[in-house]
Amino acid sequence: MRCDSFTADQTGHLKNADSITHSADKPVRWHIKEIQALLDMPFNDLIFQAQQVHREFHNANAVQLSTLISVKTGGCPEDCGYCPQAARYHTNVENQDMLSVDDVLAAATAAKAQGATRFCMGAAWRGPKQRDIEKMTAMISAVKDLGMETCATLGMLKPGQAKQLGDAGLDYYNHNLDTSPDYYKEIITTRQYKDRLNTLQAVRDAGINVCCGGIVGMGETREARAGLIAQLANLEPYPESVPINYLVQVEGTPLYGTAKLDPFEFVRTIAAARITMPKAMVRLSAGRREMSEAIQALCFLAGANSIFYGDKLLTTGNPEVRQDQTLFEKLGMQSL
Ligand code: SF4
């Protein structure tokens, strides 16, 4: 495909009118084949287009920093094929009961001192129980009082639970779609794609911003990656925050040993997310520690403008803060 056959308009959508159709009740902004066409473009053309869209909506040299903490680790009843916290897989992750509000507050204070503006709290549940919600609302209020943005990822939510979290001051709820609808059953069998969409709707209805993305490198095809991006981009509205993860292969999980995805394919996926969701914060998420500085720089060029910051994600490693600061200096980037 020639790079000039599609160009981005004000919203970042393709100007090729034939490529966008609308169903009776819900607009389909992006068809899978259009996104696949983006992913098939010559690399330089794709990155150029993504950078053009990026500059129209964002400061090209700024990156938002989020810090993630696991407030309850391991023992999860779900069977996500990538996750070391699933109780059924034998990994090195040690179960840990729910942290106290004081522990969480201390971690958030330290993250703020290092420059993080958003604090994300994750718990390994299928979904929280009411007593969990009560503890979470206390943590959310305490972190919010520090002047940080709050985010939580707690599994599936019912509408009333989403409302309680929102009332406590939750700014974002993370709930990833992980992969395309068709490939989902290869990765997770204990819940349906529709369950994810229902939680996302509950979060929206509670007035909480949506953080939703996926994982690449799970043995999926390029078409499946296009399917994931299409699903995200066609959410109404699309997520405010879109984490794109590169599978961290953990021994003991079913996806351990999956053929490694070429990192350029990961960069292409970031670019497609940027072009199709121009206003979103696109987060270069898990898997960054395994990436060279050059690949990370290409991700920023492709439109990533948010990272997880801190030495650890929920259970897997992340580049050290000092390393990140050095990289930002080399690239002339600053934090938002
Ligand atoms: S990804 Fe979340 S829901 Fe899935 S097994 Fe891990 S902790 Fe449980």
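The questions and answers that follow concern this predicted model.

Q: How many helices and strands does the chain have?
A: The chain has eleven helices and twelve strands. Of its 336 residues, 57% count as buried.

Q: What share of the contacts joins residues at least 24 apart?
A: Counting contacts between residues at least 6 apart in sequence, 74% join residues at least 24 apart.

Q: Why is Thr-150 called buried?
A: Buried means under 20% relative accessible area. Thr-150 has 0% relative accessibility, so Thr-150 counts as buried. This residue is found in strand 5.

Q: Which residues does Thr-150 touch?
A: Leaving out residues up to four places away in sequence, Thr-150 touches Phe-119, Met-121, Ile-140, Val-143, Lys-144, Gly-169, Leu-170, Asp-171 and Tyr-172. A touch here means heavy atoms within 4.5 Å.

Q: What makes strand 5 mostly covered?
A: Strand 5 covers residues 149–153, and four of its five residues are buried.

Q: Which hand does the crossover from strand 4 to strand 5 have?
A: The chain goes from strand 4 through helix 4 to strand 5, and this β-α-β crossover is right-handed. The word applies because, with the strands pointing away from the viewer, such a path from the first strand over the helix to the second runs clockwise.

Q: How many bridges does strand 5 share with strand 6?
A: Strand 5 and strand 6 pair over two bridges, in the parallel sense. The cut-off is at least two bridges, so these strands count as paired. Ala-152 stands opposite Tyr-173 in strand 6. Together with helix 5, strand 5 and strand 6 make a right-handed β-α-β unit.

Q: Why are the buried residues of helix 5 said to line one face?
A: In helix 5 (residues 159–167), the buried residues are Gln-161, Ala-162 and Leu-165. Seen down the helix axis, the buried residues of helix 5 fall within an arc of 100°, so they line one face of the helix. Pro-159 and Asp-167, on the other side of helix 5, are exposed, a word that stands for over 50% relative accessible area.

Q: What covers the buried residues of helix 5?
A: The cover includes helix 4 (130–144), strand 6 (172–174) and helix 7 (193–205). Just after helix 5, Gly-169 takes a positive phi of about 110°.

Q: What is the phi of Asp-178?
A: Phi of Asp-178 is near 70°, a positive value in a residue other than glycine. Most residues other than glycine have a negative phi. Asp-178 lies in the loop between strand 6 and helix 6 (184–187).

Q: Why is Asp-178 called buried?
A: Its relative accessible area is 1%, under the 20% cut-off, so Asp-178 is buried. Thr-179, in the loop between strand 6 and helix 6, also has a relative accessible area of 1% and is therefore buried. Beyond four places in sequence, Thr-179 touches Tyr-184, Ile-187, Tyr-193, Met-218, Glu-220 and Leu-228.

Q: Where is the cis peptide bond that joins Glu-236 and Pro-237?
A: Pro-237 lies in the loop between helix 8 (222–233) and strand 9 (241–246). Omega of the bond is about -5°. Most peptide bonds are trans.

Q: How far apart are Ala-62 and Asn-305 in sequence and in space?
A: Ala-62 and Asn-305 are 243 residues apart in sequence and 6.6 Å apart in space, C-alpha to C-alpha. Asn-305 is one of the residues that Ala-62 touches, along with Met-333, Gln-334 and Leu-336. Ala-62 is in strand 3 (residues 62–72), and with a relative accessible area of 3% Ala-62 is buried.

Methods. Residues are numbered from 1 along each chain as its sequence is written. This is a predicted model: local features need pLDDT of at least 70, side-chain atom pairs count only at pLDDT 80 or more; totals for chains, interfaces and linings use all residues. Side-chain values use heavy atoms; hydrogens and water are left out. Buried means under 20% relative accessible area, exposed over 50%, partly exposed in between (1.4 Å probe, protein chains only). The arc is that of the directions from the helix axis to the C-beta atoms.
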